[in-house]
Amino acid sequence: MNIAISGITGLVGQALAERLLNEGHCVTGIGRADFRQDISYLQDKLTGVDVLVHLAGAPILKRWTKKWKETILRSRTETTGKLVEAMNGMTQSPSVFVSASAVGIYDTFEVHDEYSTEYADDFLSLVCQKWEAEAMQVDTSKIRLAVIRLGMVLSSEGGALKQMALPFKMGVGGRIGDGMQPMPYIHIDDLTAGVEWIINHDDQRGVFNMVAPQMVSNAEFTAALSAVLNRPAFFVIPEFALRLLYGGAASVITEGQKVVPHRLPDSGFQYRYPDIRLALGDLLKK
């Protein structure tokens, strides 16, 4: 198939592109410059494309100034809206649209599967809701839509794991606050395999929680990371220190959602790394 990926230079985009290329697909990227063009330009770019995977968006874990919050929102809603407008106006559009979102849409109280509508009333959740609302304007009579709500993506190539592992390697690792906050995660290989599964199965549409089936707390994650690296985890990172560093964005680290995936496993998809120690053991050997 011909598959286009927006956000192809990001951590997930690169890994997904590599996987799809290895499977024999043709992969093209849609970059920031493309979104600055008019709709007809995007339609030309999407001509002949079978699948569009939309991953573009400004980084979340950066101090939330008013200006940066606007950037976070616009980088998701405006790009999604432009892609949807372009596809809806095409005679022969991509037949599959996989659009990213995040588990931050959910509140911090309940356990959430894909059918949960208990959403948080905070900035990140509102971003996700508006982001998904743009994706859902796509013409589903001709385009199969899948919205993938991402948890924390674990990769040996960068992202959160690289930042978290460094203090442990230096012997100063530890939990965040009381360590009770949930940490929904997914191994990068399970994520890219899950996206490929959705692409390849015509009955896969709607919302998918892209997280491992195991729910872990920050304390459990910390213990697993300590064990895999064989390093102590005596320290505690106070929440106020993260708030000083990141402002409102610290809530991404100090709070969390209890999230489970039902729809992928129920369809027959099998995780390679359903356990946090398996995931960390694989990634930290690389």
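**Figure 1. Salt bridge between Arg19 and Glu196.** In this predicted model, the side chains of Arg19 and Glu196 form a salt bridge, with an N to O distance of 2.8 Å. The pair links distant parts of the chain, for its two residues are 177 residues apart. Arg19 belongs to helix α1, which covers residues 11–22, and Glu196 belongs to helix α7, which covers residues 188–200. The two partners can also be described by their accessibility. Arg19 has 27% relative accessibility and counts as partly exposed. Glu196 has a relative accessible area of 9%, so Glu196 is buried, since buried means under 20%. Side chains of opposite charge can pair when their charged atoms come close.

**Figure 2. Salt bridge between Asp34 and Lys45.** The closest N and O atoms of Asp34 and Lys45 are 3.4 Å apart, and the two residues form a salt bridge. Is Asp34 buried or exposed? Asp34 counts as buried, at 9% relative accessibility. Lys45 counts as partly exposed, at 31% relative accessibility.

**Figure 3. Salt bridge between Arg74 and Glu78 within helix α4.** Both residues lie in helix α4, which runs over residues 66–88. Arg74 and Glu78 are 4 residues apart, which is about one turn of the helix. Their side chains meet in a salt bridge with an N to O distance of 3.0 Å. Arg74 is partly exposed, with 49% relative accessibility. Glu78 is partly exposed as well, with a relative accessible area of 39%. A search of the whole structure finds 6 salt bridges, among them the one between Arg74 and Glu78.

Figure 4. Val211 sits in the loop between strand β10 (206–210) and helix α8 (218–229). How is Val211 placed, buried or exposed? Val211 is buried, and its relative accessible area is 1%. Which residues is Val211 in contact with, leaving aside neighbours within four places in sequence? They are Val103, Gly151, Pro184, Tyr185, Ile186, Val259, Val260, Pro261 and Tyr271. One of these contacts, Val260, is 49 residues from Val211 along the chain. The C-alpha atoms of Val211 and Val260 are separated by 6.8 Å.

**Figure 5. The protein chain as a whole, for comparison with the close-ups.** The secondary structure of the chain comes to 12 helices and 12 strands. Its radius of gyration is 19 Å, close to the 19 Å that the globule rule gives for 286 residues, so the chain is as compact as a globular protein of that length. Taken along the principal axes, the C-alpha atoms fill a box of roughly 60 × 40 × 35 Å. Of the 286 residues, 50% count as buried. Among contacts between residues at least 6 apart in sequence, 80% join residues at least 24 apart. The accessible surface is about 13,600 Å², and 52% of this area belongs to carbon and sulfur atoms. The chain has 28 positive and 32 negative charges, and the mean positions of these two groups are 8 Å apart.

Definitions and conventions: Residues numbered from 1 in each chain as written. Predicted model: local features only at pLDDT ≥ 70, side-chain atom pairs only at ≥ 80, totals over all residues. Heavy atoms only, no water. Rg over C-alpha atoms; globule rule 2.2 N^0.38 Å. Buried < 20%, exposed > 50% of the residue type's maximum accessible area, 1.4 Å probe, protein only. Contact = heavy atoms within 4.5 Å. Areas by Shrake-Rupley, 256 points an atom, 1.4 Å probe, with all protein chains shown as cover. Lys, Arg positive; Asp, Glu negative; His and termini not counted. Charge placed at Lys NZ, Arg CZ, Asp CG, Glu CD. Salt bridge = Lys/Arg side-chain N within 4 Å of Asp/Glu carboxyl O.
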